[in-house]
Structure formats: structure tokens, C-alpha cells
Amino acid sequence: MSSVVDVRPARRGGYASRGGGSGQLAGTGGLLRLALRRDRVLMPVWVVVVAGIVLAMPGSLEGFYGTAAERADAMASMNANSSMRALYGPVFGDSIGALAAWRIGCYAGVLAAVMSLVIVVRHTREEEETGRQEMLSAAVVGRRAPLTAALLAACVANAAVGLLIAVGLAGRGTGGALALGLGVGGVGMLFAGLAAVVAQCAESARLAKGITAGALGAAFALRAAGDAGTAGGSSALTWASPLGWQENLRAYAGERWWVLLAFAAAIVVQGCVAYGLAGRRDVGMGFLPTRPGPARGSLATAGGLAWRLQRGALGAWTAAFLVAGVVFGGMASGAADIVGDNENARDVVERLGGQSGLTDAFLATMTGLFGMLAALYAVTSVLRLHGEETSQRAEPVLAGAVGRLRWAAGHLAVAFGGSVLLMTAAGLGLAAGHGEDAGAVLGACLAQLPAVWVLGGVAVLLAGAFPTAAPAAWGVVGVCLAIGWIGPVLELPQVVMDLSPFGHLPKLPGSAMSWPPLVLLTVLAVVLVTAGLAGLRRRDMTG
């Protein structure tokens, strides 16, 4: 006799599975294997990038601060500069390991947090949004199995990052290496738990990622504000941030192992909250429902719909660029104090941002950073097209008197026009904070746009002509960010630096303006967008 799977509605919605397995966690192993298989490329890339950046830092710092006296000098000057403490935190020791933990520890934690929130939201809310979770729930799958599998997948990724860091830096001190690895992995798991809670509340993966990323930004701001005001990591604002907990582990500087208890307690509490919420809602539903409403005014057009969908995100990005511009602009005049008399550090800053004065070099570095962040926004906004298509929300729009190109044009106008708005806000903020050369600073920010548009064009090409490969746009922009961020510090070959469109831009302000690279990059962006739209027009829409 054939077996029968009994699928019955559970209390308060969702599904309870019986037959071949029972309990709230039935099917967790199979879902975990499925998640690891789906992320067999994405997860290893994240792990290698996060761990690789940490492992590369000690070697580069040895070239800057070769003697104990230079390291002690650097420690004193960094701790005396409130702007540097805001960026990286205080330095707790003058060994190479302590300097590496200071320089890259916080940012490695941020990357681990981003990796974790992407993994958890991808295998929880995104599965429900696409309808795959409802299909899986018809089999022997417990109510809390998907959430458990997602958290375990994030745990595997963070454990791999922590293990690589601990093993790779063990030669510089086992205790410090273990503390740094556990700190980075702990931050990742804490935001994995937060993403699990938010995924139960939000009805869309986009909103879940946005809320969790906003919490990560707030955590960084709290740590920066606390460290700027107080040296030694003792500020209440620093302790209010998980990134401050990682900092206060003090890797390679008299480790405080008890800080790990704060990570463990927070992760357990978040897990309990997420599991409690998961058992009290229907599949596909959330505790923060979307607000339905009639299409009125400009919303009745394709461009108006794209603007309504993306205006909130664009407003948040613009405000962040403006505020960050003011902060970094105020730091520009103290660039010489940041590097002091260390010629190696001075050379690195100049290579990052140009060959004129240190102030111009610092401003050029900041404009390049804003440009790379604006590229992230452009790719995110472009890929909203792909999201609308795969979620089948595009079909009702295209069923009316709206052509594909007109539909796509609305989203692309927000993506490319929004990048102009972001760089303008950054330029105005830098000029206001610096107080000098407003025109030159604003022009330097706008000069980043052709490179931003090229990466946006790559996203258009992939989403339009090769929709199954659309997520690869994140890989392209990630490689360019890594090249621009750590390439000059590690002195990568010029052929590698040229792989990023940002490597072809003039170093402004300070250097002479060069128009040919800007024109060529703009033309390349137009070609990529045209090819992507041509592919979108000719292919079938995906479901």
C-alpha cells in the first residue's frame, strides 16, 4: 500500500507535517543541504573575501610600520585623532596583530554581517515570497525547519570565516587570532539572528534586507560616535553596538573573553524571538503588512510606479551620502595629522587618492569611496527590474498599454538619475565639511559617475539579456569594490587595478582633468544598457 503524507493546517496558520517525520524541525537536514547547494558559489566567495581581507592586512602593515617605535608612534597618533577613532576605533596594542585587528576588524565584521543577512533572508523570506516554501511545506517539513536551516547555513559560513582567520593568523599569536576570528564570526551570527527576526515581520525580502542593513548602519554609527568621543572603547554608545563588542574583545591586546558572553546571549535571545514569531504566522505573511492603496496621480504611469517603489530607498541613500560627506569633509584638513611623519603611510594615502597634497589625496580617496558606494545603489536599483519580473509583479503592468522598454525605462531612470543625486549630495556634503574648493570637490564627485554607470550597465545587460545570471552583477561590483578598496594598499599590479572602471578615472581633486576616460566609460555604459534592453525586448519573461 502506498504511503500517504498528511499535511494539515497548524494552529495559527502555516503547515504541520506528518508521515516519515514529525516535529517542528522535521526536514531541517534536507533544507540545509539544499541551501548549501544553492549557495555553493556565493557562500565560498563571501568566506574567502572576508577572511582574505583580514589575512592580507598584517603583511601590508609590516611595510608601513616596520619597527616597534613606528608602531608605538602610530598607536599614539591614531588614538589621539578622534576622526580616526570614529573610522576604525581605538588601537589597544602596538603589535602587528593588534594594528591589523584595529584596521580591519570592524569592517570584516560588517562584511560578515552583510553575508549573514543575505543568507538568512534568502532562505527564509525570499523562499516564501517566490512560493517555493509553500511547495516545500507540502512535504515532510516542520514549521520551524526553514528558519533552522537558514540559521545553520549562516553558522557554517561564519564558522568558516572565523576558522580561516584563526588559523591564518595563529602564527602571530594563537589567542589574538582566535579572538579576532570569534569576533568577526560573532558579529555575523548576531546579524543572522536579527535577520531571522526581521524576516518573520516583513512581507518582502527587500524590506527584510533593508531593515537589517539599516540596523547594521546604526550599529556602525553608534560605535563611531562612541569612539570619537571617548578613547579606549569605554563609551556607552560603543557598548550599545555589536561592533563595539567586537572591538572590546581586544584581539592581540589582552583578550577579554567574557565579551563573547554578550554575543552568545544576544544570539540566543534573537533565536528565541524568531522561533516564537515563526510559529504564529501564516506562510508568506508577516507582522508588518504592506499598505495597499489605489493607483492615483503619477502612480498610474510606469515611471511613477518605479519612483513610488524606489523613492524611500533613494531618500535614505541620499541622506546618508550627505551626512557622510559632511563628516569626511571635516576630516580632510586633518589628513596630515592622521599619517603624521610616517612616509610609508603618507605614500599609501597618496596612492589611494592622487599625487598632489595630502588634503587633495584624502578628498580624492573619499570621492572614490562614494563612487563605489553609489555603484552599489545603481546595481540594487537596476536589479529591482529583475525582482519585479521574477515575482510576477511585472506581468500585470505589461498586460496593459505599457511596453517592456517603457516599463524598464522607469526603473533605469531612478537607478542612473539616483546615482547623480547621490554623488551630488556627497559633493555638497564634502564641500560643506571642508569649507574650501566647493566647485572642485563637487566636480570630483560627479567625475565618478561614468564608472558608476558602467557597473549599472553591467547589471542591465545581465538582467535584460541573461536573467538567470542577473545576481552575478553583485559579484562584478564586489570585485571592483575589493580592487578599489585594498588594491592600492596591497600594491596590486596595474593590470588588476585596470579591471575596475574606477581605475581609469582621473584622481580628482588635485590631478589634471582627463576627459577621454570619462567619455569612453560613458559610451561603454550606453552600449551595455542598449544591449541589455535589446535582450529584454526579445526574450520571454521569466516567472
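1. A definition is needed before the helix pairs are discussed. Axes are lines fitted to C-alpha atoms, for helices over the stretch in contact, and the angles between their N-to-C directions run from 0 to 180 degrees. The model under review is a predicted one.

2. Helix H19 covers residues 404-434 and helix H21 covers residues 449-465; they pack at an angle of about 155°, and their axes are 11 Å apart. Because angles over 145 degrees count as roughly antiparallel, H19 is roughly antiparallel to H21. The crossing of these two helices, H19 and H21, is right-handed.

3. Which residues of H19 and H21 meet? On the H19 side they are Leu 412, Phe 416, Ser 419, Val 420 and Met 423. On the H21 side they are Leu 449, Val 452, Trp 453, Gly 456, Gly 457 and Val 460. Sorted by class, the contact of H19 with H21 comprises eight nonpolar residues, three polar residues and no charged residues. Gly counts as polar in this sorting.

4. The second pair is H5 with H8. Helix H5 (residues 96-122) packs against helix H8 (residues 145-168) at an angle of about 155°, with the axes 8 Å apart. That angle makes H5 roughly antiparallel to H8. The crossing of H5 and H8 is right-handed.

5. The residues that bring H5 and H8 together may be listed in turn. From H5 come Ala 112, Met 115, Ser 116, Ile 119 and Val 120. They meet Ala 150, Leu 151, Ala 153, Ala 154, Ala 157, Asn 158 and Val 161 of H8. By class, ten nonpolar and two polar residues make up the contact of H5 with H8, and no charged residue takes part.

6. Helix H8 also holds Leu 164. Is Leu 164 buried or partly exposed? Its relative accessibility is 39%, so Leu 164 counts as partly exposed. Leaving out residues up to four places away in sequence, Leu 164 touches Val 47, Ala 51 and Leu 55. The C-alpha atoms of Leu 164 and Leu 178 are separated by 9.9 Å, and these two residues are 14 residues apart along the chain.

7. Phe 263 belongs to helix H13, which spans residues 260-278. With a relative accessibility of 3%, Phe 263 counts as buried. What does Phe 263 contact, leaving aside its neighbours within four places in sequence? The contacts of Phe 263 are Gly 183, Gly 186, Val 187, Leu 190, Pro 242, Trp 245, Gln 246 and Leu 249. Trp 245 is 18 residues from Phe 263 along the chain, and the C-alpha atoms of the two are separated by 7.9 Å.

8. Two residues with positive phi deserve attention. Arg 250 lies in the loop between helix H12 (242-247) and H13. Although Arg 250 is not a glycine, it has a positive phi of about 55°. The relative accessible area of Arg 250 is 18%, so Arg 250 is buried. Tyr 252 is also in the loop between H12 and H13. Phi of Tyr 252 is near 65°, again a positive value in a residue other than glycine. At 13% relative accessibility, Tyr 252 counts as buried.

9. Leu 508 and Pro 509 are joined by a cis peptide bond, with omega about -5°. Pro 509 is found in the loop between helix H23 (494-497) and helix H24 (515-538).

10. How many disulfides are there? With a disulfide taken as a pair of cysteine sulfur atoms within 2.5 Å, the count comes to zero. As for individual cysteines, Cys 155 counts as partly exposed at 37% relative accessibility, whereas Cys 480 is buried, with a relative accessible area of 5%.

11. Some overall figures complete the picture. The protein has 24 helices and two strands. Of its 543 residues, 49% are buried. Among contacts in the protein with a separation of 6 or more, 75% are accounted for by residues 24 or more positions apart.

Technical notes:
Residues are numbered from 1 along each chain as its sequence is written. This is a predicted model: local features need pLDDT of at least 70, side-chain atom pairs count only at pLDDT 80 or more; totals for chains, interfaces and linings use all residues. Side-chain values use heavy atoms; hydrogens and water are left out. Helices (H or I, at least four residues) and strands (E, at least two) are DSSP runs, numbered from the N terminus. Angles under 35 degrees count as roughly parallel, over 145 as roughly antiparallel, 65 to 115 as roughly perpendicular and the rest as oblique. A crossing is left-handed if the near helix is turned anticlockwise from the far one by less than a right angle, and right-handed if clockwise. Contact means heavy atoms within 4.5 Å. Buried means under 20% relative accessible area, exposed over 50%, partly exposed in between (1.4 Å probe, protein chains only).
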